[in-house]
Amino acid sequence: MRIPGRTERRVVAAILVTALIPLVASIVVARTVIARVSATAFQPEFGVHLDRALGVYAELAAAIKQGMRSEAEAIAAADPLRRSAFAGDAELLGGVLAHLIVAHPALVSLRVERCGGELVGARERGRPVDPAREKTLTVRKAIERAPGSTAEPAPPAEPAAEAGDCEGDARALVATFAAPSARFDELESAQAFAQAYRALEREHRKEYVDESYGDAFAALLGATIVLAVLAGVLVARPVVDRVARLAAAMRPVAEGDLSVRVALKGDDEVADLGRAFDRMLEELEGSRARIEFLKRMGEWQKMARHLAHEIKNPLTPIQLAVEECHRRYAGSDPAYQRLLQTTLEVVEEEIGTLRRLVGEFSNFARLPQAELEPADLAEFLREQGERFAAVEEAGREHASDEALLGGVDLEFDVPAGPMPAALDREMLRRALGNIVRNAAQALRDAQRAAPGGGAAARPGALWGRVRVSARSEGQSHLIAIDDDGPGIDPAVRDSVFDPYVTTRYDGTGLGLSIVKKIVVDHGGTIDVLESPLGGARFVVRLPRAGTPAARAAQRAEGEGGARSTSPRAAGGPGGPAALGREAFSEGDREDAR
C-alpha cells in the first residue's frame, strides 16, 4: 500500500479536525444534557409518589380479596344455608346454593363439604372462568348448625382435612370468586416497574446513564475518526495523484522535452491546471519549432546571399571572354567556327541558368518580414478565388505551358461568414499562389510523364483538380489546398519545407521554404498530408484575431520590423526591402516537389 504523501496527510488531518470539532462539542453538550435529564428523572419525590401509587394498587387488591372473604363469611352465616347444609336434603341444599349463586354475581361456584372433604352439594355459575380476563379466589368457611335444625345421621368419623377446620359432623363452605384481572395486572406491572426503578436508582444509575451513553459516544467518535480518515484519503488521493503526474511531467520538460502531455481529466482546478500546462507546452513547442525554423532560415539566407555573390561575380567575365573569342576569330575553318558558335550558345544558356539561380538566391536572401494588419481571411480568399479564375481563363485562352492555372480545375470553398485575422495580404497572396502553382506543376508533370503525354498532349485538356477550402476551428482558421495529383512521398514530408529540398529536376527547393516563412511570420503552421482527392494536401493554420498566438505574431512582427530596414527607411519605394518584396513576387515560384 502506498504511503500517503504530505499533501494527502494534510488533507486527511484537515478533514479529521473538521469532523472532530463539532463531534466533541456535541459530546460535551450531550453529556451535560444527559446529566441534567438523569438528575431530573431520578429525584426522590418520583420514588415516593411511585411507592404511594403502588400502595394504592396493593390496598385495592387487598380490599377486593377481603371483600370476597367477607362475602363468603356472610354466605356461610346465612340461616337457609345453615339449615339446608345439615338437613340431609340434597334438593333443598341445591336450591339454596343456586339462589346464592344468583344473589352474588362474583361467585363462580359454591360447594358444601363434610369435614373429611366429602361433597354434600355444589352449584356453578354456568360459564367457565376466562383466565385471560379473570382471576379467582377460593375461600373456605365453616358452617355452623342453625338452632332447632334436625340433623341427618352422622356417618363414621373421618380424619379432618385441616386441623381446626371442622370436627365431627361439621360442614364447610368452599366459595370460589372471580374478579377482573386488569386491576391485578396493573398491580403486577406497577410492582415490576417500581422494582426496576429502585434497582436502576440504587445500583445502575451511574453505569446506565454515564457509562452506556459514554460508550455510545466513544463508539461514535471512533467511527467518525475512521470515516474522516477514509474520506480524506478518498478525496485527497485523486488530487495528489494528478498533481504527482503533473510534477513528473515537469521533469522531462525541464530537460528540454516539450512533447510531454499530462492529459488530466476532470472539471476541477487541478484538471484546469493540467490542461493549461498542456497548452503551454504546445505553445512552447510551436514557438521553439518556429524559432528553430526561423534560425535555420536565417542561416540559409546568409548562405544564399554568399552563394549569390560568389556565383554572380564571375558570370559576366566568363560570358565576355567567350563572346570575345567568338568575335575575334577571323579564320575560315568551318568546323572551328561551328565549335565556337556552339560553345557560345552553351555558355550563354548556362550563364542564363546561373543568373536565374542567383536571382532566386538573392530573392530568398532578401525575404522581407510580414507586415500584419487586421483583415477578413474569408474575404481575402474570395478575392483570390476571383483573381485565380481570371488567370485560369486567360491561361486556357493562350494554352501555354507557362499558364499553369489554365490546365487545372480550380475551385474555392470559403464560408460566407467573416474570419477575422491579422494578415499581410501581399505576402499571403504570394504564399497561396505558390502552393496552387506547385499543385498545377505537379499535375502537369504527372501528365507529361504518363504514356503518350497523357492529358498534357491534348490541347484544352485539364491536368487535374485543385481545391482551396477554409473553415474556423477553435482559435484558428484552417486553409486546405488539395489536389488529385501524385502527392508527396511520406518519406520527404518532414523535410519538404527545408531550403533546397526538391523532387523536381529543375527546382531549387526554395518555394515551400518561403511559404513556410510567410506562414510562420503570421503566427501559424503549415503541414503536408494526404489529400482526400488522392494527391497532396497542404493545411495552413492561422490564428484568429485577438488570440494569444495572433498577438504574439504581431509583437514578433513589430520587433522584427524595428530590427529590419523598412522600404521608406531604405530609400523609399525603390529601397532594398521594396526590391526584396518585388523580387520575391517573381522568384518564389519554384516547386519543392
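**Helix contacts and a cavity**

Modeller: In helix 3, Pro80, Leu81, Ser84, Ala85 and Ala87 meet Leu92, Leu93, Val96, Leu97 and Leu100 of helix 4. Contact means heavy atoms within 4.5 Å. Helices (H or I, at least four residues) and strands (E, at least two) are DSSP runs, numbered from the N terminus. This is a predicted model: local features need pLDDT of at least 70, side-chain atom pairs count only at pLDDT 80 or more, and totals for chains, interfaces and linings use all residues. Residues are numbered from 1 along each chain as its sequence is written, and side-chain values use heavy atoms, with hydrogens and water left out.

Colleague: What is the make-up of the contact of helix 3 with helix 4, by class?

Modeller: The contact of helix 3 with helix 4 has 9 nonpolar, 1 polar and no charged residues. Ala, Val, Leu, Ile, Met, Phe, Trp, Tyr, Cys and Pro count as nonpolar, Asp, Glu, Lys and Arg as charged, and the others, Gly among them, as polar.

Colleague: At what angle do helix 3 and helix 4 pack?

Modeller: Helix 3 (residues 79-87) and helix 4 (residues 90-103) pack at about 150°, with axes 8 Å apart. Axes are lines fitted to C-alpha atoms, for helices over the stretch in contact, and angles run from 0 to 180 degrees between N-to-C directions. So helix 3 is roughly antiparallel to helix 4. Angles under 35 degrees count as roughly parallel, over 145 as roughly antiparallel, 65 to 115 as roughly perpendicular and the rest as oblique.

Colleague: What makes helix 7 oblique to helix 11?

Modeller: Helix 7 (residues 269-328) and helix 11 (residues 511-521) pack at about 135°, with axes 11 Å apart. Therefore helix 7 counts as oblique to helix 11. Arg290, Phe293, Leu294 and Met297 of helix 7 meet Ser513, Lys516, Lys517, Val520 and Asp521 of helix 11. By class, that contact has 4 nonpolar, 1 polar and 4 charged residues.

Colleague: How many cavities of 30 Å³ or more are there?

Modeller: The count is 2 cavities of 30 Å³ or more. A cavity is a set of points on a 1 Å grid over the protein atoms alone, where a 1.4 Å probe fits but cannot get out; lining residues have an atom within 4 Å of a point. The largest cavity has a volume of about 70 Å³, the space filled by probe spheres set on the points, which are joined across faces, edges and corners.

Colleague: Which helix gives the most to the lining of the largest cavity?

Modeller: Helix 10 does, with 4 residues. The lining divides into 10 nonpolar, no polar and no charged residues.

Key. 1 Å grid on protein atoms, 1.4 Å probe; cavity = no way out; pocket = protein on both sides within 12 Å on 5 of 7 lines; lining within 4 Å.
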